[in-house]
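Here are a few notes to read alongside the structure.

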Amino acid sequence: GVLFAGAMTGETKAADLDAALKQMACSQHTLLEQIEPIHEGIHACTDITGFGLLGHLGEMLQNRTGLKILLDGAAIPAYSGALDLFERGISSTLAPSNRAAWRWLDGPVQLQQEPSAGLLELLVDPQTCGPLLLACTSEAAEQLIANGPWIQIGSAAAGHG
């Protein structure tokens, strides 16, 4: 979202926008094929789109009591140029309403480190043809990561309450 917002004002570098568009044009079909053999280990899956990562994670957590998520902000990927645009105060038109999802950071979602302003914005940036977000067993995660291109951005544990 931020790359498109920046493009509208001439702030996004052409190479960064081209790289994002190239990635967005890739089919997720191969990723779904990787999930199929281990579907028993998958608890939830969604594509990250208009609500951003934190909004979609929050939807996955609704009606789940006692579950705590620890996100590794450094592991959350961002398109080239996105964090720089956030740090310069650029955001998409959906970002203000998506910021309501920051409430999850005061509850079941925690960050391993103190978040930068850029990371906070990245968590709620609306995506176009976003990546997949999976909740799965550690065994399924290990298998997916070994077969690539999956990465682990956090972990879940039983919490209090």
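1. Which helix gives the largest share of the lining of the second largest pocket? That share, three residues, comes from H4. Helix H4 (52–61) and helix H6 (95–98) each supply at least two residues of this lining. Helices here are DSSP runs of H or I with at least four residues, strands are runs of E with at least two, and both are numbered from the N terminus.

2. Before going further, a word on the source: this is a predicted model, in which local features need pLDDT of at least 70 and side-chain atom pairs count only at pLDDT 80 or more, while totals for chains, interfaces and linings use all residues. Residues are numbered from 1 along each chain as its sequence is written, and side-chain values use heavy atoms, with hydrogens and water left out.

3. Back to the second largest pocket, which holds about 160 Å³ of space. Its lining includes Phe51, Gly55, Gly58, Glu59, Gln62 and Ser97, and also Asn98, Ala100, Ala101, Arg103 and Trp104. By class there are four nonpolar, five polar and two charged residues in the lining. (Ala, Val, Leu, Ile, Met, Phe, Trp, Tyr, Cys and Pro count as nonpolar, Asp, Glu, Lys and Arg as charged, and the others, Gly among them, as polar.) A pocket is an open set of points on a 1 Å grid over the protein atoms alone where a 1.4 Å probe fits, with protein on both sides within 12 Å along at least five of seven lines; lining residues have an atom within 4 Å of a point. Grid points are joined across faces, edges and corners, and the volume is the space filled by probe spheres set on them.

4. Next, have a look at the three salt bridges in the structure (a side-chain nitrogen of Lys or Arg within 4 Å of a carboxyl oxygen of Asp or Glu). One of them pairs Glu121 with Arg99 at 3.0 Å, N to O. Glu121 lies in helix H7 (residues 117–124) and Arg99 in the loop between H6 and strand E3 (109–111), so this pair ties together parts that are 22 residues apart in sequence. Glu121 is buried at 12% relative accessible area, whereas Arg99 is partly exposed at 25%. (Buried means under 20% relative accessible area, exposed over 50%, and partly exposed in between, with a 1.4 Å probe and protein chains only.)

5. Salt bridges with shared partners join Glu11, Asp84 and Arg88 into one network. Arg88 meets Asp84 at 2.6 Å, N to O, and Glu11 at 2.4 Å, N to O. Arg88 is partly exposed at 41% relative accessibility, as is Asp84 at 40%.

6. Which residues of H2 are buried? They are Asp16, Leu17, Ala20 and Met24. These residues cover an arc of only 95° around the axis, so they sit on the same side of H2 (the arc is that of the directions from the helix axis to the C-beta atoms). The face turned away from this buried side carries the exposed residues Ala14, Ala15, Asp18 and Lys22.

7. Finally, two backbone details. The peptide bond from Gly148 to Pro149 is cis, with omega near 0°, and Pro149 sits in the loop between helix H8 (138–147) and strand E5 (154–158). Asn63, a residue other than glycine, has a positive phi near 65°. Asn63 lies in the loop between H4 and strand E2 (67–71) and is exposed, at 82% relative accessibility.
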